[in-house]
Every structure is written in structure tokens, then in C-alpha cells.
Amino acid sequence: MKAFGTQAAEAPLKQLHIDRRAVTPKDVEIDILYCGVCHSDLHTARNDWGGTIYPAVPGHEIVGRVTAVGSEVTKFKVGDIAAVGCLVDSCRECSSCKRDLEQYCIPGFTGTYNGKDKHLGTQTFGGYSEKVVVDEHFVLKVPANLDLAATAPLLCAGITTWSPLKHWNVGKDSKVAVVGLGGLGHMAIKLAKALGAHVTLFSRSPGKEQDALDLGADQVIISTDKSQMSSVTGKFDLIIDTVPYIHDVNHYIPSLSINGTIVLVGYLGPLDPMLNSVPMILGRKSVAGSVIGGIAETQEMLDFCGEHNIVSEIEMIKMQDINEAYERMLKSDVRYRFVIDMASLKG
Ligand SMILES: [Zn+2]
Ligand SMILES: [Zn+2]
């Protein structure tokens, strides 16, 4: 089938041909309608984290229509709208999988792309393609009232911010701050607000106040302004740090409440400057990390978004515009997520 991907880290993405496995008894085949564009897509295509197997076909924010189901599939039928996020398989047996935490599968989950297809033994290919074949356990149902294109980013940006909000019990009267207003940050604001929290955006520079308030934030703090920062000392129960590059996490710790947590969801790698334990010890504060969410939790997030009419803010592109979209994403020149109209690949 047709797909869009790359044969090398330095090469632009272009159209290529991939093979998918035939539908097995537990599989669902989905004709892909929309696919969101995540920073991880770019990092994988360019081998920024090492380990990319080529050809690489990114895309893990997938929404489409079921075109075939295996004989043992019970959750879906042909014609249903379905979604696939960042993982398409896991061991199903380890202590994490048994607790619906497939994202922390101990032998490792199978990524939607650049993972290892257990049936074929080859690398998995993501959503920049005509169709995808996935075990029904890893396929999500989409609430009927949501715009399908704007739902796609919920499958990564949405669940990545929902999971820490739930894990740290955010609800009415919680005080939550978000660092960074991009694909992840704008979803964190919407979801935290809908859970009843008081929501603050930390922004490095002025100019994003109105956007943040429109998305549901109650307050914007310019993090480079000392007096604004001291006005929120000891305030936040949870800070969701979505910044995707190396940055000073110490800067935000004074604004955590006693027992507060700052959770990193955007940046993978060593921190510089190093963490200073003093404010953590003197305030029983935590620095944590979190990755996407389990399948049950992802369904819970989608259902919540259906009830509260929450979707992502998107800019629709054609598949052929992906290389330009990557360059714009590197400059944060997108409000707030690119979504590919997959009709452009099929046409
Ligand atoms: Zn992603
Ligand atoms: Zn497992």
C-alpha cells in the first residue's frame, strides 16, 4: 500500500510502498482518514534518538474507518470509526500490562512505528499510510460527536497530558501549571480546565496570554519575569512540563506547593543544569516523568473528551506538505497540531 516515509535520517519524506500483515483473527483493519503530526515523528524520521530502522513511516495519532475485522474481533465491526495511538502491542503478561499500564510494559511495548511487528518480524509502520492493521485490544473507540480530524492529536498529545493529570488526582480546586504552549501544552490546559482545576500557563515570552486564556487558562505567568515568578511561590500541586528540548527544570520548583510534583512529558535526556535537591528536600517536592497512557486510560480520555466536547486545535495539511510541516514544527510555527488529511495520499 501507499505510505509516506524516509529511507535515511538526512532524506526528506516521500511516497513509498509498504506491506502490512494480513488480518489475523484478533486484528482490525482501518482505512486511515486523519493522522496527527507529533514531534516524535520528526525525531524518529531523523534518527535523533538513535535506533530508527529504515524505511521509517511515522504517525501515531490515527483516526479512520474499520474496513475488515478478524473472526475473533468483538469490539469493532466494519464501518465503525476507530483510533490508534502510540502503541499497537505489548507482552500482555507483565505486572504493568496486567494493571492496564501497557505503556510501561516491562519487556517493552510495540510502538506504532519503529517497533517490531510480532507477526512479521519487521518494523512497524505508522499512520502516514493508507491503512493500518492492529490487534483490537489496542484499537480505541471514538465518541460520535467529536470532529474526526481534530480528534487525531488526542491519541498522543491528549493522552500524554491526561495520564499525569489523572495519576496525580487533579480535580476541582487543584492548582495546575503548564510549561510550554504547543501540541502537548494546549491539550494540558484544556483537559486540566475540564477536570475543574485552576490552570496557569508558564510562558517564556509575552504574546501568548490571549491564546492561553482562550484555551481555558486562568492565568499566564511570564517565567523570565522575577516578580511574576515570585507571585506564584508554593502555589502548584502539579506542573506539567511539555518543553521538548533541554531546559532548566530547577526554575519551576519554587512554584510547587509542599508535596507538589513537576512531571516531564516532553523532553527525553539528561537535564542541564542538574537538579538541585535542596528545594525538593525542604518541601517534599518531586520531579517525575510520564509517557503516554495505557489503552484503558486512553479510552477513558477519549470518552471524557466526548462528554466535554474537547478536541485539539489543528491545522490540516496534505501528506505532500509533511517536510515543510516538520520545519515549521521545529520553529513552533503551528497552532497547535498539524493533522494530515490522508485523502491526499490516496488520491
Ligand atoms: Zn507522539
Ligand atoms: Zn507487558
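Predicted model: local features only at pLDDT ≥ 70, side-chain atom pairs only at ≥ 80, totals over all residues.
Donors, in what follows, are N, O and S atoms within 2.8 Å of the metal, and since water is not among the atoms, a site may look incomplete.

The zinc ion written as ligand 2 is coordinated at 2.3 to 2.4 Å by the SG atoms of C91, C94, C97 and C105. Seen from this zinc ion (ligand 2), the 4 donor atoms subtend angles of 103 to 119 degrees, and the arrangement is therefore tetrahedral. Along the chain these donors follow the spacing C-x2-C-x2-C-x7-C. Because C94 belongs to the loop between β6 (87-89) and α2 (95-98), while C105 belongs to the loop between α2 and β7 (110-111), the pair ties together parts that lie 11 residues apart in sequence.

The zinc ion written as ligand 1 is coordinated by C38 (SG), H60 (NE2) and C156 (SG), at 2.0 to 2.2 Å, and its donors follow the spacing C-x21-H-x95-C. Here H60 sits in the loop between α1 (39-45) and β4 (62-69), and C156 in the loop between α3 (148-151) and α4, so this pair ties together parts that are 96 residues apart in sequence.

On the α4 side the contact involves A157, G158, T160, T161, W162 and L165, which meet G183, L184, M187, A188, L191 and A192 of α5. Sorted by class, this contact of α4 with α5 has 8 nonpolar, 4 polar and no charged residues.

Conventions. Residues numbered from 1 in each chain as written. Chains lettered and ligands numbered in written order. Heavy atoms only, no water. Contact = heavy atoms within 4.5 Å. Helix = DSSP H or I, 4+ residues; strand = E, 2+ residues; numbered from the N terminus. Nonpolar A, V, L, I, M, F, W, Y, C, P; charged D, E, K, R; others polar. Donors = N, O, S within 2.8 Å, 3.2 Å for Na, K, Ca; no water. Tetrahedral: all angles 85-135°; square planar, octahedral: opposite > 155°, others 65-115°.
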